[in-house]
Amino acid sequence: MSTADRDRWNARYAEGAYESRRHPSQFLEQIAHRLPETGRALDLACGAGRNAIYLAHRGLAVDAVDISTLALERGRVDAARLPIRWIECDLDDGFETGVDYDLIVNIRYVNPPLVSRLLESLRPGGVLVVEQHLATTADVIGPKNPAYRVEPGELARVASGMVVERIDEGLFDDPDGRRAALARLVARKPSRAS
């Protein structure tokens, strides 16, 4: 695990970053009707667990993975007794699941090769939900380093071989009213019968 990355994220959470973000991703709420209501979910780079908590309230058992010890601790407190397993892991080093998932959620953590590999852990009929900052020249919120943004069409390549139910790329307003360039994907793994 990268000590520098863990320390950087722990420092952000210690300083109160994302304290007001207790609500789930707006995109996740918008596509909730496409999500399984039971089974097991994986929330990659979960931070303090806002999306994991939302999914657990909807009936899923969730594996919530993040590098920040402090974020995961805050999530544990907020989740109380919800069925969430909190896993500290530097996803840049990869992640071995050991289980199959009905849902994989990847909100604003850019690592398309990891997501592509994790699709092997998605059950037939399982759903992949991804929202990433999109490369742009527009004046938008989010990372300035292009390594933390996906290129146009990149999510479609990640979902190759899946049934794409929704894909959007463009400018969107975040819940706080700020403009963001985002790529969004909802895709379903074909069932064995297909």
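User: On a 1 Å grid over the protein atoms alone, a pocket is an open set of points where a 1.4 Å probe fits, with protein on both sides within 12 Å along at least five of seven lines. What volume does the largest pocket have?

Analyst: The model is predicted: local features need pLDDT of at least 70 and side-chain atom pairs pLDDT 80 or more, whereas totals for chains, interfaces and linings use all residues. Residues are numbered from 1 along each chain, and side-chain values use heavy atoms, without hydrogens and water. With volume taken as the space filled by probe spheres set on the points, which are joined across faces, edges and corners, the largest pocket comes to about 1,100 Å³.

User: Which element gives the most to the lining of the largest pocket?

Analyst: The lining of the largest pocket (residues with an atom within 4 Å of a point) comprises 36 residues, and Trp9, Arg12, Tyr18, Arg108 and Tyr109 lie nearest the centre. Two or more lining residues come from each of α1 (3-14), β1 (40-44), α3 (50-57) and β5 (122-133), where helices (H or I, at least four residues) and strands (E, at least two) are DSSP runs numbered from the N terminus. With five residues, the element that gives the most is α1.

User: How many charged residues does the lining of the largest pocket have?

Analyst: Ala, Val, Leu, Ile, Met, Phe, Trp, Tyr, Cys and Pro count as nonpolar, Asp, Glu, Lys and Arg as charged, and the others as polar. By these classes the lining of the largest pocket has 17 nonpolar and six polar residues. The charged residues in that lining number 13.

User: Which are the edge strands of the open sheet?

Analyst: The seven strands of the open sheet run in the order β3-β2-β1-β4-β5-β7-β6, with mixed pairing, two strands being paired if DSSP finds at least two bridges between them. The strands that pair on one side only are β3 (84-88) and β6 (163-173).

User: Which residue in β5 stands opposite valine 105?

Analyst: Strand β4 covers residues 101-107 and pairs with β5 over six bridges, in the parallel sense. Opposite valine 105, the residue in β5 is valine 129.

User: What angle does the direction of α4 make with that of β3?

Analyst: α3 packs on the sheet, touching (heavy atoms within 4.5 Å) β1, β2 (61-66), β3 and β4, and its direction makes about 175° with that of β2; angles run from 0 to 180 degrees between N-to-C directions of lines fitted to C-alpha atoms, for helices over the stretch in contact. Helix α4 (residues 69-79) also packs on the sheet, touching β2 and β3. Its direction makes with that of β3 an angle of about 170°.

User: How much space lies in the largest cavity?

Analyst: A cavity is a set of points where the probe fits but cannot get out, and the count comes to one cavity of 30 Å³ or more. Residues lining the largest cavity include Asn106, Val110, Val130 and Leu155, and by class the lining has seven nonpolar, three polar and no charged residues. The space in the largest cavity is about 50 Å³.

User: What distance separates the C-alpha atoms of phenylalanine 172 and alanine 183?

Analyst: Phenylalanine 172 has its place in strand β6. Leaving aside residues up to four places away in sequence, phenylalanine 172 touches Arg178, Arg179, Ala180, Leu182 and Arg184. Alanine 183 is 11 residues from phenylalanine 172 along the chain, and their C-alpha atoms are separated by 9.7 Å.
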